[in-house]
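Colleague: I am new to this structure. Could you walk me through some of its features?

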Amino acid sequence: MTTFQTPKGEVLLRKATLIDAPKVSELRREALASNPTSFGSSVEQPDRWSFQWAEQLINSPEDYSLLLIAEYQGDMFGMAVIRRPNGTKVSHGSTINSVYLKPEWRGFGIMQQILGQLQQWAMDRRLHFIKLGVTTINESAHRSYLRFGFVDYATEPKDIFFEGNYYDEYLMIKYLV
Ligand SMILES: CC(C)(COP(=O)(O)OP(=O)(O)OC[C@H]1O[C@@H](n2cnc3c(N)ncnc32)[C@H](O)[C@@H]1OP(=O)(O)O)[C@@H](O)C(=O)NCCC(=O)NCCS
């Protein structure tokens, strides 16, 4: 858990608990509806799907995933997930996804704080790297990841297929060791 100041006031970043599942699910649906080319899942999937998505992440063992939420005065406005596979030969790595901030909270560097917390989670578990994918048209998110120290290592062609168009994805990595 951590707090920091923004031009709009003090923001809290913390691990989501089961009580947060309905709000996480709502925010997830907002993310999928407003940024359809940024996420593989679709808002057309039923409500219960996003609720189960949140519940499963929150319930998963704490060494295998962290669902981080951002709040201002108790109102949730942001989220991000880091996960690690459980196979013995792949559990040295981790992946970030589902990063979303409500529009009125963008441009204050909150993403950098969130990435810092996710990275700390990975470092506490002595993981070797963090990977992620970002659609090539999502320039501001891509720049934000570069600013944090991620580098591009490949481009995944036609990763997203939405409304008849394909979207490529930059695959990025940050080494921790
Ligand atoms: C990606 C995201 C989390 C970045 O959050 P953030 O805290 O605004 O990140 P930063 O503060 O590092 O700013 C990112 C960029 O947005 C710009 N920005 C400034 N004000 C902004 C505003 N009101 N709205 C949107 N972007 C703004 C910043 O200047 C910066 O651009 P720059 O790289 O040219 O300097 C956020 O834009 C978001 O939720 N986007 C929609 C979902 C998404 O794309 N998720 C990532 C999937 S991989």
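Modeller: One term before we start. A residue is near a molecule if its C-beta atom, placed from the backbone, lies within 6 Å of it. Helices and strands are DSSP runs, numbered from the N terminus. Keep in mind that the model is predicted.

Colleague: Which element gives the most to the shell around the ligand?

Modeller: Among the 20 residues around the ligand, R106, G107, M111, A141 and R143 come nearest. The top contributor, with 4 residues, is α4.

Colleague: How many residues of the shell around the ligand are charged?

Modeller: The shell divides by residue type. It holds 10 nonpolar and 8 polar residues. The charged residues number 2.

Colleague: Is E156 buried, partly exposed or exposed?

Modeller: E156 sits in strand β7, residues 151-162. A residue is buried at 20 or more C-beta neighbours within 10 Å and exposed at 12 or fewer. E156 has 14, so it counts as partly exposed.

Colleague: Which residues is E156 in contact with, leaving aside its neighbours within four places in sequence?

Modeller: V134 is 22 residues from E156 along the chain, and their C-alpha atoms are 9.6 Å apart. The contacts of E156 beyond those sequence neighbours are G133, D168, E169 and L171.

Colleague: What is the bridge partner of F4 in β2?

Modeller: Strands β1 (residues 2-6) and β2 (residues 9-15) run antiparallel, joined by 5 bridges. They form a hairpin with 2 residues between them. Across it, F4 has as its partner in β2 V11.

Notes: Residues numbered from 1 in each chain as written. Predicted model: local features only at pLDDT ≥ 70, side-chain atom pairs only at ≥ 80, totals over all residues. Contact = placed C-beta atoms within 7 Å. Nonpolar A, V, L, I, M, F, W, Y, C, P; charged D, E, K, R; others polar. Pairing = 2+ DSSP bridges.
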